Amino acid sequence: MKEDECALTIATVGQSKSLFIQAIDEAENGEFQLAHVHFQQGEKLLDDMSYQQFMQFSQMKENYLYLHIQNHIAATEIMRLLASKFIKLYEEKKG
């Protein structure tokens with residue numbers, strides 16, 4: 001995987017994480033429909049990363065970008081889980 005492809009992957013994962021954070025903020029403000037839209041957009045970005053890309057990452061173990069990408073993916077997966085839980089909690093609280 002080339003460095004420009006790595007940078008694009010990092011940017012895509014970062015955008016996904018930002019959408020999850022935005023969804024939490026919107027749910028906190030009672031904007032549940034918008035929160036669900038942004039949550040789904042974040043999931044789509046993350047899920048659209050192909051299996052082939054993940055396999056390419058696994059072949060980069062000697063490369064510092066591999067660790068950077070893996071850290072971003074892990075943080076975004078955690079944010080996905082948290083966003084899902086927060087949206088549900090805010091809906092229950094205000095509903």
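User: At what angle do the axes of α1 and helix α4 cross, and within what distance do they come?

Analyst: Two packed helices are described by the angle between their axes and by the distance between those axes. In this predicted model, the axes of α1 and helix α4 (residues 64–94) cross at roughly 15° and come within 8 Å. Angles under 35 degrees count as roughly parallel, so α1 is roughly parallel to α4. The crossing of the pair is left-handed.

User: How do the residues of the contact of α1 with α4 divide by class?

Analyst: The contact of α1 with α4 comprises 19 nonpolar, 5 polar and 5 charged residues.

User: How are α1 and helix α2 packed, in terms of angle and axis distance?

Analyst: The general idea again rests on the angle between the axes and the distance between them. For α1 and helix α2 (residues 32–47), the angle is about 165° and the axes lie 8 Å apart. Angles over 145 degrees count as roughly antiparallel, and α1 and α2 are therefore roughly antiparallel to each other. The crossing of α1 past α2 is left-handed.

User: Which residues make the contact of α1 with α2?

Analyst: On the α1 side, the contributors include Thr 12, Val 13, Ser 16, Leu 19 and Phe 20. On the α2 side, Phe 39, Gly 42, Leu 45 and Leu 46 are among them. By class, this contact has 11 nonpolar, 7 polar and 2 charged residues.

User: What is the secondary structure of the chain, and which pattern does the chain follow along the sequence?

Analyst: The chain has 4 helices and 0 strands, arranged along the sequence as α-α-α-α.

User: What share of the contacts with a separation of 6 or more comes from residues 24 or more positions apart?

Analyst: Such residues account for 74% of the contacts in the chain with a separation of 6 or more.

Note on methods: Residues numbered from 1 in each chain as written. Predicted model: local features only at pLDDT ≥ 70, side-chain atom pairs only at ≥ 80, totals over all residues. Heavy atoms only, no water. Helix = DSSP H or I, 4+ residues; strand = E, 2+ residues; numbered from the N terminus. Contact = heavy atoms within 4.5 Å. Axes fitted to C-alpha atoms, helices over the stretch in contact; angles between N-to-C directions. Parallel < 35°, antiparallel > 145°, perpendicular 65-115°, else oblique. Left-handed = near helix turned anticlockwise from the far one by under 90°. Nonpolar A, V, L, I, M, F, W, Y, C, P; charged D, E, K, R; others polar.
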